Amino acid sequence: MNSFEDICGQDNIKTYLTKAISAGKLSHAYIFNGESGSGKRLLADAFAETLLCENVVKLVKSGNAADNDIKPCGKCHSCVQAEAGSNPDIIRIKCNEGARKSIGVDDIRENLINDIVIKPYEYDRKVYIVEDAQKLTAQAQNALLKTLEEPPEYAVIILLATNADILLDTIKSRCVVVDMEDVPGGTMKTYLHEHFPNKSDSEIEFAVTFADGKLGRAIDYLSNPDMEKLKDEVIDFVKKVPDMALYETMSYIKELDSHKVDRLEDYLDILQLWYRDVLMFKSTRDMNSLVFKSEITDISRQAQNASYEGLNKIIEGVEVIKLRLDANVNFDIAAELFLITIHEGVVNSLSEAHERD
């Protein structure tokens, strides 16, 4: 069932939304803002199902609803339809044409602007969930403005965005912006141990570190058998880098390209964790603080030879390439620039160290 109670963490947000429903003080539009895996979709689903739950609606109308009563019953017709993904008054708008395509003005007009003027089909409200809202074109956002300014009283629009800063200020000013909260490491570990009893402590530990507060990413990592393979590919690459010529480093563009649709961010994050380990060990010589403890030999070797400046450039370079890819910069160009940064940060500093010796 899509219930606030089933969502791990996000306590302040769940309390805020529950109180808004019980008091009947809802906004007509929200932006749920957070990185991939932060739980935006789960929260939107729970919010939508709760808003349309027939028992919740009755309680709110009676004026006797307590905050802890605001949860979907899971039994009424609306809840059953919501669980099946067939509730006619929960409308989802998403980008279906590739990971980096945009949501255009025609998509918004057809699925939201023209539809929102039609009263709810079965229930008291209509809820629109726009996924990947950061992919809305400027024209699509401008078309949406009038609807946000004068929405029907029965409509609630939820925009899910990985980076709300990309949206126009005029859009953000007409919405309540809800920033997703990081799930504390201890809370996440407890949840993962309960839901993945067959995973080892080290696997859980890596998933928590990799997720960086985003429970959905940890779940995806532990659920997807390809993720372990992806991690092995990254480790194999970073181990070879110090001994590679630039042209050999550049050949890895093709390897990165194989992950550019749905796993490139994961690839880059694992790579970034490696170089953070190298930098950490260079600074502290503390093996216990490492994510890749089993790779201490290679981490120690790279920490000894690479410079602080070079390692920091690589770590910062990961963030740069993410921004470039979000901005739809050509993949090959972005990857090439990043691989040059890795080569300069590791190989060149290694050569400089040898020269000093």
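Reader: Which residues touch the most other members of the largest nonpolar core?

Author: This is a predicted model, in which local features need pLDDT of at least 70, side-chain atom pairs count only at pLDDT 80 or more, and totals for chains, interfaces and linings use all residues. Residues are numbered from 1 along each chain as its sequence is written, and side-chain values use heavy atoms, with hydrogens and water left out. A nonpolar core is a set of buried Ala, Val, Leu, Ile, Met, Phe, Trp, Tyr and Cys residues joined through side-chain atoms within 4.5 Å, where buried means under 20% relative accessible area, exposed over 50% and partly exposed in between, with a 1.4 Å probe and protein chains only. The largest such core has 46 residues, and those that touch the most other members are Leu192, Leu271, Tyr275 and Ile342.

Reader: Which helix gives the most residues to this core?

Author: Helices (DSSP runs of H or I, at least four residues) and strands (runs of E, at least two) are numbered from the N terminus. The elements that give two or more residues to the core include helix H8 (185-195), helix H14 (264-284) and helix H17 (331-356). With eleven residues, the helix that gives the most is H14.

Reader: With which residues is Leu271 in contact, leaving aside its neighbours within four places in sequence?

Author: Contact means heavy atoms within 4.5 Å. Once the neighbours within four places in sequence are set aside, the residues in contact with Leu271 are Val234, Phe237, Val238, Ile314, Val318, Phe338 and Ile342.

Reader: What is the order of the strands in the open sheet?

Author: Two strands pair if DSSP finds at least two bridges between them. The edge strands, each pairing on one side only, are strand E2 (90-93) and strand E5 (176-179). E1 pairs with E4 in the parallel sense over five bridges, and with E5, also in the parallel sense, over four bridges. The sheet has five strands with parallel pairing, and their order is E2-E3-E4-E1-E5.

Reader: Which residues stand opposite Asn33 in E4 and in E5?

Author: Asn33 belongs to E1, where Ala29, Ile31 and Asn33 on one side and Tyr30 and Phe32 on the other are all buried. Five of the five residues of E1 are buried, so this strand is largely enclosed by the rest of the structure. The residue opposite Asn33 in E4 is Ala161, and the one in E5 is Asp179.

Reader: Why is the pair of Phe206 and Tyr221 tilted?

Author: Rings of Phe, Tyr and Trp (its six-membered ring) pair if their centres lie within 6.5 Å, and planes under 30 degrees apart count as stacked, over 60 as edge-to-face and the rest as tilted. Phe206 lies in helix H9 and Tyr221 in helix H10, so the pair ties together parts that are 15 residues apart in sequence, and both residues are buried. The ring centres of Phe206 and Tyr221 are 5.2 Å apart, and the pair counts as tilted because the planes stand at 50°.

Reader: Which charged residue sits over the ring of Phe206?

Author: A charge sits over a ring if NZ of Lys or CZ of Arg is within 6 Å of the ring centre and within 35 degrees of the ring normal. Phe206 forms one aromatic cluster with Phe210, Tyr221, Trp274 and Phe292, and over the face of Phe210 lies Arg217, at 4.3 Å from the ring centre. Over the ring of Phe206, with its charged end 4.2 Å from the centre, sits Lys231.
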